[in-house]
Amino acid sequence: MEFTAKLGSTLLSLLLGLGLAGPVSANQELGVSARKADLRLGCLYPMTGPGNQNGRDAAIAIGMALEKIHRRDDGSPKLNVVVEDTRNKQFRASEIARQLIDQQQVQILCGVLNSGIALEISNLARATRTLFIGGGHASSQLTNGALHPWYFRVSNDSKQSMRAGARYLRELQQKHGWKTLAYIGPDYDYGHQIMRDMLAALDALQVEYSIVAEYYPKLLETDFSEYITALAEKQPDILISGHWGDDFVFFVRQANAEGLLEQTRIYGFEQVGGYYNLSRLGDDLPPGMVLAARHHINWPETAANKEFVETFHSRAGHYPSHTAQDAYSVIIAVAEAWKAASQKNVEGVRKALPGLSIPLPEDPPGYVSWIDPQTQQIMQAVAIGESMADDRYPPATRMLGNWQVFYPESRPPQSAPAAD
């Protein structure tokens, strides 16, 4: 009987990790009770199935942020946060979001990793006039054509990341004269939007280039052999990757094994240089790859970032993915908006967000993140580095260094009202 119980427990854990178990839930309720809360949030993350490590990191970071603001005696709100498991599935996420609004009376939706899912949730937020604060997805479509008064985002979008990447490539071309580029990224909105944003940024900076290859493998692909063969034949000077998570890990491992990375460097300017990828690749990531991420555990070397990383590590037993800092940012943004609001309610929070300064762990000295009133998108510094040997943060054996930091080209306004 004991052996059978252990076997059943092991099988259940495996099924949960694959997202195949039935109604077993990884949902959490954090912060104060719903009865005592000034505001109630419903955050959507994959807690089981593909991407579950990112979702679990997000929940830990939300707990950290709640403890931080609830310790303050500065007018910060008391928050109740329900974290629901999307399993990274669009229909499931949409149904959960409706249930959170209609049955659990959450006042703010938040989180979401997948840009396609985020577009669906954003449409629901607009239809129901529910505030949605995105943290984890990056397609610039949400802050351009699909923008509406009830959506804000507190993680970098693909447009600003690619703008920083284009500035890096312009400087690189002035030094070394590269001419050709290729792109590979996932075949859904985010992957296509990265390429559109990169080309728009290069053109705006008057960078001359030619595209020799453009490939869009399906999301969650595991075999990149045909793409690697094609890229080796094209021999681009610059290979831009729009992959993230395990897609990037599989691609780099195979590209390195096939010798592609001896011919060309990977340039990834969105989230490919985050700790999640570095920790899984180890020595399979060659030195000299040029990468960025929405949060780095070794940059900036400030007290705030060190405290965030060390606190997270002490609770989770591993270092945080970028999703952790994105989720943390949502809670801090709500708290800062509440303090700045003239009305202490969700509408006051919405109206206080445009132009708001939000101090975050990823802010370098002398800079504070802020919300652009026009796009309702957070504006942050983008740090781009090169992979190099570094075993200070196991299990990673590579970290980024030799940083180049690109700041937003616009400045925060003194104040700006939210749209009605």
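Visitor: Let's start with Trp 299: buried or exposed?
Guide: Bear in mind that this is a predicted model. Trp 299 has a relative accessible area of 12%, so it counts as buried, the limit being under 20%.

Visitor: And where does Trp 403 fall on that scale?
Guide: Trp 403 comes out at 24% relative accessibility, so it is partly exposed.

Visitor: OK, aromatics in general then. How many aromatic pairs are there?
Guide: The count is 13. One of them joins Tyr 168 and Phe 269: the ring centres are 6.1 Å apart and the planes sit at 50°, so that pair is tilted.

Visitor: Which parts of the chain does that pair tie together?
Guide: Tyr 168 is in helix H5, while Phe 269 is in the loop between strand E10 (265-268) and helix H10 (275-281), so the pair ties together parts 101 residues apart in sequence. Both Tyr 168 and Phe 269 are buried.

Visitor: Back to the tryptophans: what is the geometry between Trp 299 and Trp 403?
Guide: They form a tilted aromatic pair, 6.0 Å centre to centre with 40° between the planes. That pair links distant parts of the chain, 104 residues apart: Trp 299 is in the loop between strand E11 (290-292) and helix H11 (303-316), and Trp 403 is in strand E16.

Visitor: Which residues form an aromatic cluster?
Guide: Tyr 215, Phe 224, Tyr 227 and Phe 251 form one.

Visitor: What sits over the ring of Tyr 276?
Guide: The charged end of Arg 280, at 3.7 Å from the ring centre.

Visitor: Which lining residues lie nearest the centre?
Guide: Lys 159, Gln 160, Arg 163, Met 379 and Glu 409, out of 23 lining residues.

Visitor: How does the lining divide by residue type?
Guide: Into nine nonpolar, seven polar and seven charged residues.

Visitor: Last one: where is Thr 86?
Guide: Thr 86 is in the loop between strand E3 (79-85) and helix H3 (90-102). Its relative accessibility is 4%, so Thr 86 counts as buried.

Visitor: What is Thr 86 in contact with, leaving aside neighbours within four places in sequence?
Guide: Leu 44, Tyr 45 and Pro 46, plus Arg 92, Ala 93 and Ile 96.

Terms used: Residues are numbered from 1 along each chain as its sequence is written. This is a predicted model: local features need pLDDT of at least 70, side-chain atom pairs count only at pLDDT 80 or more; totals for chains, interfaces and linings use all residues. Side-chain values use heavy atoms; hydrogens and water are left out. On a 1 Å grid over the protein atoms alone, a cavity is a set of points where a 1.4 Å probe fits but cannot get out, and a pocket is an open set with protein on both sides within 12 Å along at least five of seven lines; lining residues have an atom within 4 Å of a point. Ala, Val, Leu, Ile, Met, Phe, Trp, Tyr, Cys and Pro count as nonpolar, Asp, Glu, Lys and Arg as charged, and the others, Gly among them, as polar. Helices (H or I, at least four residues) and strands (E, at least two) are DSSP runs, numbered from the N terminus. Buried means under 20% relative accessible area, exposed over 50%, partly exposed in between (1.4 Å probe, protein chains only). Contact means heavy atoms within 4.5 Å. Rings of Phe, Tyr and Trp (its six-membered ring) pair if their centres lie within 6.5 Å; planes under 30 degrees apart count as stacked, over 60 as edge-to-face and the rest as tilted. A charge sits over a ring if NZ of Lys or CZ of Arg is within 6 Å of the ring centre and within 35 degrees of the ring normal.
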